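Please keep the sequence and the structure in view while reading.

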Amino acid sequence: MVKWLSVGVLIFLFSAPLMATEYEDHDGMLMNHGDGHLMDMAGGMVMGQNADTLPGGCDSISETKEITVHAGHKYAEKFPGRMFAFDTQEYNFKPCTKLTVHFINEDNIRHQWMMHGLPKYLYPKGMFHLEVSGPAKISGTLILPPGDKTYLVHCDIAQHMEKGMKGQLKVGKGDGDLPSIPGVTAYVIPDDYTASLPELAVAAVKAAAEVVTSVAKVDAPAKAVQPQEDTVISGVTVIGLAIGLLLAPFLARKFKGMSVSEAVAAIFELLRVGIDFTVNLLSSLIKRVFSGKNKVLPGR
Ligand SMILES: [Cu+2]
């Protein structure tokens with residue numbers, strides 16, 4: 001009795017999180033547009049649905065299978081450097097399997113489960129494709145072709161595959177592995193965690209310093225040439241030159257990558273800030289003087 005009670009409690013505990021999850025189920029909402037293309041008004045989409053036509057080379061349906069694929073950010077947590085993932089990265093089925101995929105998108109964004117490389121006479125553009133904005137569930141069915149082949153499965157929303165939402169589906173023995181399948185095959189572009197942040201900062205400062213000195217070298221002679229054209233080198237010119245030389249590295253950094261008009265605009269902005277600063281300084285001085293007077297007045 002106690003045993004059955006504990007089993008009941010366990011079942012309840014395990015089913016509670018399932019009940020708590022609320023998905024929008026698109027399966028009953030889809031409208032058939034023909035050619036295996038189903039859509040609904042809430043953004044659910046199935047393409048390449050085929051539950052009846054046998055691919056060439058299949059005498060009959062070998063097996064009927066159903067899988068549930070979860071997609072979301074949380075499934076990428078075990079893959080360092082990835083942002084999105086499916087809960088399963090590798091699938092394996094017999095040739096000519098009738099496969100129903102229940103796709104559950106757990107993120108509050110759009111995801112896809114898109115399979116490529118299918119025969120084009122049967123699947124438009126060679127694709128079978130489930131897509132929905134989450135959290136939501138959408139289902140579709142296809143019949144896998146005969147032969148040993150590895151099919152790419154991914155989410156085609158910009159950068160989602162590169163960020164980890166990628167898998168492979170092997171029919172029969174497959175014909176090799178695809179690259180960059182999280183946890184299965186090596187990344188084509190491996191993440192580099194060798195440099196520490198301080199090292200990167202030092203490298204960035206060094207690079208910036210090189211740019212500034214090279215720009216300053218070009219700037220300084222141009223400014224030094226100017227006074228030779230003046231008949232009289234006044235004290236003002238010398239002071240201006242000194243300030244210019246001092247400011248050159250700063251300005252070089254400030255104007256790096258700017259066009260002439262942008263640089264001119266930036267100079268005026270600097271002047272405006274300078275004038276603002278002076279005016280504020282003067283007005284605060286005046287205020288202080290006046291407020292000082294005001295304080296003095298009642299005392300008289
Ligand atoms: Cu996605």
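In this predicted model, 8 strands form an open sheet in the order β2-β3-β4-β10-β9-β12-β13-β7, and the pairing within this sheet is mixed. The edge strands are β2, covering residues 31-32, and β7, covering residues 90-93, each of which pairs on one side only. Strands of a sheet pair through backbone hydrogen bonds, and the pairing can be either parallel or antiparallel.

Within the order given above, β4 (residues 45-47) and β10 (residues 128-133) run antiparallel and are joined by 3 bridges, with M47 standing opposite H129 in β10.

Another strand to examine is β11, which spans residues 136-143 and is mostly covered, since 7 of its 8 residues are buried. Strand β1 (residues 24-25) pairs with β11 in the parallel sense, whereas β8 (residues 97-105) pairs with β11 in the antiparallel sense. Which residue of β11 is the bridge partner of D25? That partner is K137, and I104 also stands opposite K137 in β11.

The table lists the pairings described here.

| Strand pair | Sense | Bridges |
|---|---|---|
| β1 and β11 | parallel | 2 bridges |
| β8 and β11 | antiparallel | 8 bridges |
| β4 and β10 | antiparallel | 3 bridges |

Turning to the whole protein chain, there are 4 helices and 13 strands, and buried residues make up 20% of its 300 residues. Among the contacts between residues at least 6 apart in sequence, 66% join residues that are at least 24 apart.

Notes:
Residues are numbered from 1 along each chain as its sequence is written. This is a predicted model: local features need pLDDT of at least 70, side-chain atom pairs count only at pLDDT 80 or more; totals for chains, interfaces and linings use all residues. A residue is buried if 20 or more other C-beta atoms lie within 10 Å of its own, exposed if 12 or fewer, and partly exposed in between; C-beta atoms are placed from the backbone. Two strands pair if DSSP finds at least two bridges between them. Two residues are in contact if their C-beta atoms, placed from the backbone, lie within 7 Å.
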